[in-house]
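User: I would like to learn how to read a few features of a model, beginning with the end of a helix and moving on to its packing and its strands. Could you take me through them one at a time?

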Amino acid sequence: MSELKNDRYLRALLKQPVDMTPVWMMRQAGRYLPEYKATRAQAGDFMALCTNPELACEVTLQPLRRFPLDAAILFSDILTIPDAMGCGLYFETGEGPKFKNPVLTKADVEKLPVPDPELELTYVMDAVRTIRKNLKGEVPLIGFSGSPWTLATYMVEGGSSKAFTKIKKMAFAEPEVLHALLDKLADSVISYLNAQIAAGAQSLMIFDTWGGVLSPRDYKLFSLQYMHKIVDGLMREYEGQKIPVTLFTKNGGMWLEAIADTGCDAVGLDWTIDIADAKARIGDRVALQGNMDPSMLYAPAPRIEEEVSTILQGFGKGSGHVFNLGHGIHLDVPPENAGVFIDAVHRLSKPYHL
């Protein structure tokens, strides 16, 4: 990690001593920033922005110009893999992602390819290479993917869903079809993330946005099993540097022990769990990332600082905590409130690292 001017994010993930608690925000490159909106308008639409490595680099770096964040995260979308598999991703204004070719049958699953990251997803790898070069060693770069279960929900439902009836029907009526899909997705994610490492990602995050809609048994069967397979398949060291892996399941607080058992380096927490409880349960095994409610950023500055202080106190002394929101920053949060949050984490955390 010697080439990095600021490596406290990587050090915290590996539970090594740091001078203050590192902080970054999920969706930190995004719609709450006016400069992001301007770049997106220049690109034309969201997918045009994702597939243009120079513009993806620009929006990745924008929040770092405003705030002293401890990491950059690749600007991309979790649905790049299903798109590369031929599902026909498109976005309808105000309706989120949709697929022209949903995966509904065994035959649909069988004809899905495992994409070659340097062919069908070159634009992502080019973005990683461009960002890494332009970061000039200031802070580490996080690569990421959606979890197999979360990707499958969009592919089977044909887009966003509230009740997840189509994928649950597949899970319970034709489980072998869903397992074949999840297995193929896990293989795709492994090659995708390993390619991100080779292109320059220094840490990885797997977003399991919809794992929390499953029962405990089904979560382990349809979501965690495949994240475990990915963790086992990833390069955990590259060019002499460790590559930490963080798993994040939204609404996954009841399964923390099982998540930690995958061999990941860190577990992401949403805001529905107390960080002191999480630390008592798994904090001796893995680092923890989180977990302020993103809506707290609507509050006045003193309230934001109070919440930061409470979470720092909950984690307590020592390393192994990466401060973050419990999910992505909301699009209508004033950027200056994000600045208050980041400053408070750094300032208030110093006494915990003496």
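Predicted model: local features only at pLDDT ≥ 70, side-chain atom pairs only at ≥ 80, totals over all residues.

User: How many residues does helix 4 have, and what does helix 4 pack against?

Analyst: Helix 4 (residues 53-66) has 14 residues and spans 21 Å from its first C-alpha to its last, close to the 20 Å expected at 1.5 Å a residue. Its buried residues, among them L55, V59 and L61, pack against helix 2 (34-43), helix 3 (46-50), strand 1 (72-73) and helix 7 (122-135).

User: Which residues touch the most other members of the largest nonpolar core?

Analyst: In that core of 130 residues they are W24, L178, L181, M292 and F341, and helix 10 (residues 175-199) gives the most to the core, with 13 residues. Leaving aside residues up to four places away in sequence, L181 touches V103, V109, L112, A152, M155 and V156.

User: Why is strand 10 described as largely enclosed?

Analyst: Buried means under 20% relative accessible area, and 6 of the 6 residues of strand 10 (residues 287-292) are buried, so the strand is largely enclosed by the rest of the structure.

User: Which strands does strand 10 pair with?

Analyst: Strand 9 (residues 266-268) runs parallel to strand 10 and is joined to it by 3 bridges, with G268 opposite Q289. Strand 11 (residues 321-325) is also parallel to strand 10, through 5 bridges, and G290 stands opposite F323. The chain crosses from strand 10 to strand 11 through helix 14 (residues 301-315) in a right-handed β-α-β crossover.

Notes: Residues numbered from 1 in each chain as written. Heavy atoms only, no water. Helix = DSSP H or I, 4+ residues; strand = E, 2+ residues; numbered from the N terminus. Expected span 1.5 Å × (residues − 1). Buried < 20%, exposed > 50% of the residue type's maximum accessible area, 1.4 Å probe, protein only. Contact = heavy atoms within 4.5 Å. Core = buried A, V, L, I, M, F, W, Y, C linked by side-chain atoms within 4.5 Å. Pairing = 2+ DSSP bridges. Right-handed = clockwise from strand over helix to strand, strands pointing away.
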